[in-house]
Protein chains: 2
Amino acid sequence: MKKNYLLTPGPTPLPPEVCESLSRPIIHHRTPQFQSILKEAHEGLKYVFQTSNDVYILASSGTGGLESAVVNFLSPQDSVIVVDAGKFGERWTEICEAYGVKADVIKVKWGHAVDPKDIEARLKEGKGSVKAVFVTLCETSTGVATDIKAVGDVVKNTDAILVVDAVSGLGAIDLKSDAWNCDVVVSGSQKGLMLPPGLGFISVSSKAWKLAENSKCPKYYFSLKAARKAYASNDTPWTPAIGLVIALNEAIKLIKAQGLEKIFAWHHTMAEAVRAAARAIGLELFAPDAYSDVVTAVRVPPGVDGEKLVKAMRDTYGVTIAGGQSEMKGKIFRFAHMGYIGEFDIITGISCLEKVLAQMGYKFQMGAGVAAAQKVFLNSGI
Amino acid sequence: MKKNYLLTPGPTPLPPEVCESLSRPIIHHRTPQFQSILKEAHEGLKYVFQTSNDVYILASSGTGGLESAVVNFLSPQDSVIVVDAGKFGERWTEICEAYGVKADVIKVKWGHAVDPKDIEARLKEGKGSVKAVFVTLCETSTGVATDIKAVGDVVKNTDAILVVDAVSGLGAIDLKSDAWNCDVVVSGSQKGLMLPPGLGFISVSSKAWKLAENSKCPKYYFSLKAARKAYASNDTPWTPAIGLVIALNEAIKLIKAQGLEKIFAWHHTMAEAVRAAARAIGLELFAPDAYSDVVTAVRVPPGVDGEKLVKAMRDTYGVTIAGGQSEMKGKIFRFAHMGYIGEFDIITGISCLEKVLAQMGYKFQMGAGVAAAQKVFLNSGI
């Protein structure tokens with residue numbers, strides 16, 4: 001009778017409409033039938049990305065999208081700025097290094113957000129030689145969101161393009177790709193878009209396309225020129241992940257039915273409830289001044305084994321949250337509230353957290369976390 | 001009331017067990033639950049690949065697997081031999097060129113198979129400088145299979161590795177990866193493995209791993225060293241396409257329940273029926289001396305518009321076969337009999353083909369194709 005609950009920052013739970021669509025018989029991709037599906041997906045992604053730029057669909061996980069964002073615009077020895085505030089910022093640097101692109105890394109302490117002024121200063125030091133600035137919308141490893149609008153204001157008047165890793169966060173928190181001057185935005189399917197993993201998405205501005213003209217990094221599978229050529233006839237250069245694209249349209253229908261503003265407000269309420277619950281049982285938010293509405297990182301209290309906490313919730317009670325990564329392994333846990341998550345999922349997660357904390361000897365008032373979350377929901381009017 | 005039938009060389013129809021598994025709630029990938037699923041998939045792939053080498057699972061289409069097979073073993077300026085007998089042979093050359101690898105191309109006329117002696121001669125000309133030989137198990141664009149065993153005999157005693165594109169054909173026709181001296185074998189999910197597209201697979205021999213040590217082609221997403229490191233703990237370096245991996249295990253269960261030998265015999269019978277039917281209604285096989293049991297290419301008879309034939313079958317009657325590609329566009333059609341295809345699917349396809357040919361004014365004895373197929377099935381004992 002044990003049920004499973006997923007409260008991780010990717011994958012996120014699948015709506016029933018998405019599950020159902022995944023079980024349909026497969027269709028061939030080089031047909032007018034699939035072309036019309038792909039056209040609908042392309043248009044839907046523009047809505048979610050808040051862009052008039054084309055958004056390409058890759059058969060890859062988000063990391064493939066990140067690689068695509070490096071190899072299509074840059075050449076070996078090019079200089080770029082990378083903001084590294086956690087595991088996914090690091091990944092930008094690793095990809096740049098793999099392709100011989102010189103990354104000037106702005107290292108931000110885990111749990112903090114970059115100060116856009118630091119990017120401005122580095123751009124000035126670069127004296128026009130900086131080709132791109134790589135940032136992360138929501139750093140999943142810490143739960144901290146970047147002020148993309150402020151970064152866009154700093155980058156827009158330079159020759160550099162602004163590249164945003166929005167794998168975690170797109171469709172959950174606001175990202176006005178065009179209005180905030182984002183040139184390249186990368187995302188993936190298994191987060192705010194409520195799909196299984198296996199699709200990457202990437203939008204490209206005209207400023208970025210100009211840079212692409214001189215790009216000398218080698219590429220084939222991730223060539224966006226090949227993708228652009230195919231896109232013109234609602235096609236893809238290689239076999240697309242057909243089933244996931246069909247499911248994508250189901251997810252976008254759900255998103256459009258609510259509207260982005262309402263979805264962002266919903267995520268905010270979910271996040272507020274988790275933050276309130278954590279505080280109510282005496283836990284410390286990992287990043288009290290720089291959180292996001294995507295995932296909340298919470299410090300494991302003294303005397304509690306963080307890895308055992310996550311394992312007990314998952315293996316004994318079926319509630320999966322995420323532990324800390326790299327330097328924060330065992331020191332934080334990450335409670336996600338992204339995608340197809342409602343108030344009673346949050347109540348379930350907090351209730352399970354309280355139970356396991358109590359079993360592990362942590363002292364607090366049982367039920368205080370759940371009650372705090374309930375109050376947030378009651379007052380939010382959702 | 002119109003039903004849809006899929007007789008294309010990828011994607012191929014999904015068994016109900018696979019469809020059902022795709023609709024299950026998603027689970028998190030960094031868990032013991034998914035690790036055990038991945039372990040089962042790794043073991044199952046070894047069975048299908050007929051190898052004791054590790055088989056890595058990529059979140060990509062087959063082309064991503066092909067790129068992986070180039071960038072992990074070679075360096076710019078390396079010399080390789082590519083057999084190009086159609087569109088997918090061409091792709092090997094394109095990928096090599098994108099990464100600065102020098103491809104010595106053996107151009108084989110469409111509809112024919114490479115003579116292994118030609119590979120032997122080129123290897124001798126290369127005097128030990130050839131690092132790899134790239135071939136295609138079944139050239140989907142022509143329906144022709146390569147004699148991999150004979151190619152393996154030619155390559156095995158040289159320093160070159162043998163790299164086989166088995167995207168089309170693996171799990172449908174025999175490929176004894178180890179016994180036939182294949183060092184790297186690439187496949188994809190949407191063909192013989194009866195899954196939606198979105199997974200790539202690649203096996204790597206110890207000879208290939210040795211070559212990988214000196215590889216200087218840049219890579220990140222497709223790094224097999226990263227995949228190998230993660231594989232050791234039944235993990236993947238990036239987020240795997242979780243749902244497809246779960247479905248993969250369902251497909252492998254079906255394959256194991258039959259056994260590979262029986263499945264190859266089954267495909268042979270399906271193919272024999274299609275070839276007999278085509279001949280019975282006076283159609284000419286595109287490659288009468290070098291076909292495969294994967295997909296049958298048939299010449300469009302004079303006076304019939306090949307593109308309209310395929311469109312009418314699909315859009316009027318719901319039966320999807322494939323047209324010709326590139327130089328054979330409109331000149332051939334390709335009737336696939338790969339994966340989850342049974343005798344009555346073949347009868348359906350032939351019956352529809354006859355109907356549309358008759359409507360397009362082609363003269364033949366109506367029903368002769370179906371009857372020829374029926375006879376093959378009756379005599380085959382399946």
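I take two strands as paired if DSSP finds at least two bridges between them. The model I am reading is predicted.

**Strand β2 of chain A**

I looked up the partner of β2(A) with that rule in hand. β2(A) and β10(A), residues 200–204, pair in the antiparallel sense over four bridges. I then asked which residue of β10(A) stands opposite A:Ile57. A:Phe201 does.

Next I checked burial along β2(A), residues 55–58. Are its faces covered or open? Both are covered. A:Val55 and A:Ile57 lie on one side, and both are buried.

**Relation of the two chains**

I asked what rotation superposes chain B on chain A. The rotation is 180°, with 0.0 Å of shift along its axis. The RMSD is 0.0 Å. The two copies are thus related as by a two-fold rotation axis. I also compared the contact surfaces, and the same surface serves both copies. Of the contact residues of chain B, 100% recur in chain A.

**The contact between A and B**

How many residues does each chain put in? I found 44 residues from chain B and 44 residues from chain A.

I then listed the elements of chain B that give two or more residues to the side touching chain A. They are α1 (16–22), α3 (62–71), α4 (87–98) and α9 (242–258). α3(B) gives the most, with four residues.

Last, I sorted that side of chain B by class. I noted 22 nonpolar, 17 polar and five charged residues.

Terms used
Residues numbered from 1 in each chain as written. Chains lettered and ligands numbered in written order. Predicted model: local features only at pLDDT ≥ 70, side-chain atom pairs only at ≥ 80, totals over all residues. Contact = placed C-beta atoms within 7 Å. Nonpolar A, V, L, I, M, F, W, Y, C, P; charged D, E, K, R; others polar. Buried ≥ 20, exposed ≤ 12 C-beta atoms within 10 Å, placed from the backbone. Least-squares fit on C-alpha atoms with pLDDT ≥ 70 in both.
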